[in-house]
Amino acid sequence: MTSWEHEVRDRQQFRSQMVRNFGFTVMDHGVALIRCPSCNVLSAINSAFPDSDWNSVPHLLSVLETFLESRSGQIVCTSCKGAFDMPADKSDFEYWLWHSHFLPEVRQDLQLLIHRKNGNTSWVEGMLVNEAGEITPLSVPMAESDFRGRTGCFFSVRQAWKDFLSEQWPVAGFAALEISDGYYLVVNPPVDSDKELQSFKENCVKLVGKSTSNNNQYEFADLSWADTWSFEENTYHQWLNDFEADLEDSDVIAGVLASPQQFYSVIENELRTFSCWLRRDGDTNQIAFLGDDDYYVSFDYREYLINAMIKGYSYWGALRFVEPVLESWEQARETGERLKKLLIDYSCTVYGGHFLQFRRKRGKKIIKEFDLTALSECEDDLDQDSDFIAWIAPLIDLNPETLKFES
Ligand SMILES: [Zn+2]
């Protein structure tokens, strides 16, 4: 086994641990290994793409292929600490790239290995890694429909839209593509009469009747609602290039049928990795509560889903909107518990899931009260109490020396 293969294997083990710990919130992660011209050792350059919003497998590959070559500045060797430049013409320039992207829908990590030499890709290897670390080879790139056949999920709903419209255009009748159970892309010619509208509705009802889930509440969202609602980012204008103008200029219906109940179940399932629950008052209430018995926050999961349907995300892609809610709860809990321990001159109670009230040990008067979720986001891990106090004191009018509230 060569040294770059060793390096990749070490990284894969680390990655498995990351996926187990972070579940659907795990970021894309990768490394580029480049041979240092001075000491000949493979030097590792980490690459993470926090907003891993890929429109297709070829889109991801093209970003990876240009990751190192579009980098400005020198590369510092991790072994001899010598700095070297990327040759302008890319000649005699050889490196390996390993990249991983988690597919929460099928609980598999999609990993890619790329070899680049002289500015060209000499080979690409794909693999699926399951939770037990078992590897299944996967040839990439491949068509979305093949990707689903091999992995059990679409890589990108956006690419699925393109493929679907290529097959259906010009749209002559009602047609649908199942993305996952209870999530469908739908097209229909323009509806000009009540009769046509009735027929469109009947086709939709028939379609969702095929779903194996027993819920019957579905939402429809047309891609063009992005214009009505003045969405600016991630609309079909950005990712449906070939059909963007056709859709904009015609009254063809192109939208998604999906179920908020099913999305709720997906969120519930994905949150099992974290020590929190998901609840709602009644099965059809669109407001969900995420948290534990003391700390919790609420969000409108139906609204998140509709947003996702318009922006080309599946149920699992829509989890990107739930992630900040999870982070908000984690920070509220962490901050609340630390303050309780540190501010020993007060008695403290949590109410409404994220409000803290401080009273003097004797007496009922509330000295201080604030919303934990309204505090600015804390970027660093504040392991030391002194760092934590330095961060929070000015936000809540706390004297950092005496640990008492300023009156
Ligand atoms: Zn070196």
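## The nonpolar core

A nonpolar core is a set of buried Ala, Val, Leu, Ile, Met, Phe, Trp, Tyr and Cys residues joined through C-beta atoms within 7 Å. In this predicted model, the largest such core has 77 residues. Leu 185, Phe 263 and Leu 305 have the most contacts inside it. Helix 10 gives the most to this core, contributing 7 residues. Domain 1 (3–151) and domain 2 (157–258) both supply residues, so the core lies between them.

In soluble globular proteins, nonpolar side chains tend to be buried together.

Domain 1 puts 6 residues into the contact, and domain 2 puts in 6 residues. On the side of domain 1 that touches domain 2, 1 residue is nonpolar, 3 are polar and 2 are charged.

## Helix 9

How enclosed is helix 9 (residues 260–270)? Of its 11 residues, 8 are buried, so the helix is largely enclosed by the rest of the structure. The buried residues are Pro 260, Gln 261, Gln 262, Phe 263, Tyr 264, Val 266, Ile 267 and Glu 270.

Phe 263 has its own set of contacts. Leaving aside neighbours within four places in sequence, Phe 263 touches Ala 258, Tyr 301, Leu 305, Tyr 315 and Ala 318.

## Helix 9 against helix 10

Helix 9 and helix 10 pack at an angle of about 100 degrees. Their axes are 9 Å apart. Angles of 65 to 115 degrees count as roughly perpendicular, and the two helices are therefore roughly perpendicular to each other.

Which residues of helix 9 and helix 10 meet? Helix 9 brings Pro 260, Phe 263, Tyr 264 and Ile 267. Helix 10 brings Tyr 301, Arg 302 and Leu 305. The residues of this contact divide into 6 nonpolar, no polar and 1 charged. Phe 263 and Leu 305 take part in this contact, and both are among the residues with the most contacts inside the largest core.

## Glu 303

Glu 303 sits in helix 10 (residues 301–311). Is Glu 303 buried, exposed or partly exposed? Glu 303 counts as partly exposed because it has 13 C-beta neighbours inside 10 Å. Buried would take 20 or more, and exposed 12 or fewer.

Glu 303 is 267 residues from Cys 36 in sequence. In space, the C-alpha atoms of Glu 303 and Cys 36 are 51 Å apart.

How values were computed. Residues are numbered from 1 along each chain as its sequence is written. This is a predicted model: local features need pLDDT of at least 70, side-chain atom pairs count only at pLDDT 80 or more; totals for chains, interfaces and linings use all residues. Two residues are in contact if their C-beta atoms, placed from the backbone, lie within 7 Å. Ala, Val, Leu, Ile, Met, Phe, Trp, Tyr, Cys and Pro count as nonpolar, Asp, Glu, Lys and Arg as charged, and the others, Gly among them, as polar. Helices (H or I, at least four residues) and strands (E, at least two) are DSSP runs, numbered from the N terminus. Domain bounds come from an automatic or database domain assignment. Axes are lines fitted to C-alpha atoms, for helices over the stretch in contact, and angles run from 0 to 180 degrees between N-to-C directions. Angles under 35 degrees count as roughly parallel, over 145 as roughly antiparallel, 65 to 115 as roughly perpendicular and the rest as oblique.
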